[in-house]
Amino acid sequence: MPLNSQSELLYPYRRSPDQDRALSAPARKPVIIVGAGPIGLTVAIDLALKGIPVVILDEAEGIGVGSRAICFSRRTLEILSRLGCGDQMLEKGVQWNTGRVFRKDRQIYEFNLSPEQGFKHPAFINLQQYYMEGYLAARVQELAARGATLDLRGGNKVTALECFDDYVSLEITTPDGPYTIEADWLIACDGPRSTIRSLMQLDFKGRVFEDNFLIADVVMKADFPTERWFWFDPPFNPGQSALLHKQPDNVWRIDFQLGWDIDREAVIRPENVIPRIEAMLGPDVTFELEWVSVYTFQCCSMQRYRHNRVLFAGDSAHQVSPFGARGANGGVQDADNLAWKLALVIAGKAPAALLDSYDSERRQGADENILNSTRATDFITPKSPISRLFRDAVLDLVEQAPFARPLVNSGRLSVPAIYDESPLNGADDPSLPTATRPGAPLVDLPLPDALGSWLLKRAGGRFQLLVIDHDIPAKEPQGDTFEVSGIDIAIVRLSTTNAPLARPRYLGNAASAVYLIRPDQHVAARWTSYNRSAITAALHTAIATVSEPLSEPA
Amino acid sequence: MNKLNIDANLDDPDGFYAQLLALHEPLDEAASHALNAKLVLILANHIGNREVITQAFDLAFKSTPRSSHTF
């Protein structure tokens with residue numbers, strides 16, 4: 001029921017010269033991405049910014065409509081800022097930090113997701129997924145107009161696939177008939193019902209939750225605050241739960257838990273939906289329905305996200321229930337993790353084994369997301385009488401006993417994965433703050449305007465060495481970059497005089513610190529002083545290359 | 001210490017909660033009641049302080065509606 005249609009054809013089918021090639025000599029591309037959703041477009045932009053030509057195939061010709069992801073985390077905004085879309089997201093999105101939890105008609109709990117100051121981006125924004133996809137598609141077209149080889153092909157549906165040791169061959173159908181195309185690397189970003197995954201007959205296992213949720217996006221003028229409101233057992237949906245969340249353009253997301261045994265056809269008829277929403281909002285609020293649908297939720301994952309030349313990212317690799325906003329936000333982290341690794345492998349600067357760390361790091365991320373969203377769903381939808389008994393006991397206690405508050409689970413909102421067990425992690429100095437340990441994403445901090453105003457505006461896109469309150473020894477290169485094994489490392493110098501928050505976030509009690517930062521803004525290794533051979537060894541570890549014997553420079 | 005601690009005191013509260021529910025998962029309702037009864041006895045013995053236990057009884061009792069919780 002899309003009323004506010006964003007379905008204009010942003011990438012209509014156009015015949016490609018690749019379709020005119022002889023059957024025996026199909027075009028071969030370095031990278032083909034299947035799926036022009038948020039994850040496919042994010043990987044494509046990241047690769048294009050690193051100079052890699054990309055073809056994106058999508059069977060549709062424009063952005064999907066309807067209620068999908070709406071909550072985008074700080075980490076997602078940081079990643080999209082690096083790719084040139086963050087400001088639009090921030091400008092259009094609705095910022096929020098506060099969540100309130102109600103039981104019946106009483107507030108029992110309130111939380112602030114960002115009590116700490118000193119970040120460019122808020123903890124979360126709410127924004128309809130179609131806006132995000134629109135910004136990403138526009139960025140693709142802008143980069144292509146400026147000379148990037150970024151070819152977004154609508155109306156191209158993959159119907160068959162054959163995997164070889166060093167490439168993948170795809171059969172594509174189009175309005176003009178079929179053609180064949182080959183890719184050195186294929187990235188499947190084609191959603192939870194992934195065609196690529198099915199064609200490769202790969203498992204997608206997990207749990208289905210026995211519950212139905214009515215998701216409605218309504219347009220209304222209302223003065224509810226910009227907060228996440230969650231109800232257990234509200235008067236307007238007795239025995240179930242409900243969620244209210246604001247989006248731009250006076251659109252509000254409403255979720256009603258419905259239970260398992262319902263008539264799924266009947267429940268979304270306007271004559272049944274409208275009284276339900278009226279009961280929630282009160283008689284004085286007028287509203288229009290933008291979108292209504294009924295969902296059941298599941299948590300599933302593939303066993304491996306890399307299958308030689310085929311990489312799975314986003315919902316094609318893993319699916320979560322929506323409590324915690326971990327679907328799209330997890331997928332954007334997949335894209336962030338994959339692009340730099342694949343770019344280095346394609347450039348011949350890192351071995352293909354580097355891509356195995358995409359699998360291990362992002363499976364860890366997906367496991368965390370699935371664990372958290374499963375626990376939240378189990379709390380919201382108790383799966384047995386005893387689990388309902390405990391859930392209600394927690395809710396009974398929460399107003400009188402503070403210990404019960406952290407047990408109330410209406411969704412644990414997305415936080416970035418910290419790759420503690422990553423094979424890419426190098427040296428750590430435990431005297432430095434734990435929040436910025438190897439495997440963690442950088443924590444933003446404000447910088448003077450002359451230095452780029454925010455750390456995360458300066459960081460990322462390539463390897464960097466963050467040098468804080470420290471002078472690089474005189475015998476070492478003093479420029480802005482130095483090279484290790486063909487990889488440029490850019491030096492970013494900071495001092496606690498001009499960036500005071502570097503003290504708690506990066507130094508702790510240490511007098512100085514040196515951080516090796518990956519292109520995805522995660523910490524690779526860190527020390528309290530500069531040591532060129534240690535940095536060289538850590539870089540080799542971070543690109544999955546066997547380290548050369550250490551030798552001090554002459 | 002003769003005062004019941006009602007502030008959060010467990011690391012990883014979500015993990016604790018999931019562990020507690022997992023313990024019950026293979027049990028039917030009567031067995032779950034038996035398990036809960038044993039947990040009360042075991043944990044009370046571990047606390048070993050009647051004043052603290054009495055405060056816990058009071059908190060649990062006064063936060064429980066007289067007849068809303070039935071299986």
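User: Which residues is A:Ser387 in contact with, leaving aside its neighbours within four places in sequence?
Analyst: With those neighbours left aside, A:Ser387 is in contact with A:Pro382, B:Tyr17 and B:Leu21, where contact means heavy atoms within 4.5 Å. This is a predicted model, in which local features need pLDDT of at least 70 and side-chain atom pairs count only at pLDDT 80 or more, while totals for chains, interfaces and linings use all residues. Residues are numbered from 1 along each chain as its sequence is written, chains are lettered from A and ligands numbered from 1 in the order in which they are written, and side-chain values use heavy atoms, leaving out hydrogens and water.

User: Is A:Ser387 buried or exposed, and which helix is it found in?
Analyst: A:Ser387 is buried, at a relative accessible area of 4% (buried is under 20%, exposed over 50%, partly exposed in between, with a 1.4 Å probe and protein chains only). It is found in helix H10 of chain A, residues 385-397 (helices, H or I of at least four residues, and strands, E of at least two, are DSSP runs numbered from the N terminus).

User: How many residues of chain B and chain A are in contact, and what area do they bury?
Analyst: Chain B contributes 24 residues and chain A 22. Between them the two chains bury about 2000 Å², with 67% of it on carbon and sulfur atoms; buried area is the accessible area (1.4 Å probe) that two parts lose on being put together, summed over both.

User: How many salt bridges and polar contacts are there between chain B and chain A?
Analyst: There are two salt bridges, each defined as a side-chain nitrogen of Lys or Arg within 4 Å of a carboxyl oxygen of Asp or Glu. One of the salt bridges joins A:Arg412 to B:Asp14, with the closest N and O atoms 2.6 Å apart.

User: New topic: which domains is chain A divided into?
Analyst: Domain 1 of chain A covers 17-91 + 126-205 + 299-371, and domain 2 covers 434-542. Their C-alpha centres lie 30 Å apart. The contact takes 12 residues from domain 1 of chain A and 15 from domain 2 of chain A.

User: What area do these domains bury, and on which atoms?
Analyst: Domain 1 and domain 2 of chain A bury about 1000 Å² between them, 52% of it on carbon and sulfur atoms. A:Arg75, A:Arg82 and A:Trp340 supply 49% of the area that domain 1 buries against domain 2, more than any other three residues.

User: What about salt bridges across that interface?
Analyst: The rule finds one between domain 1 and domain 2 of chain A. The side chains of A:Glu361 and A:Arg518 meet in a salt bridge at 2.8 Å, N to O.

User: Which elements give two or more residues to the domain 1 side?
Analyst: In chain A these are helix H2 (74-82), helix H8 (328-346) and helix H9 (354-380). H8(A) provides the largest share, five residues.

Conventions
Domains from an automatic or database assignment.
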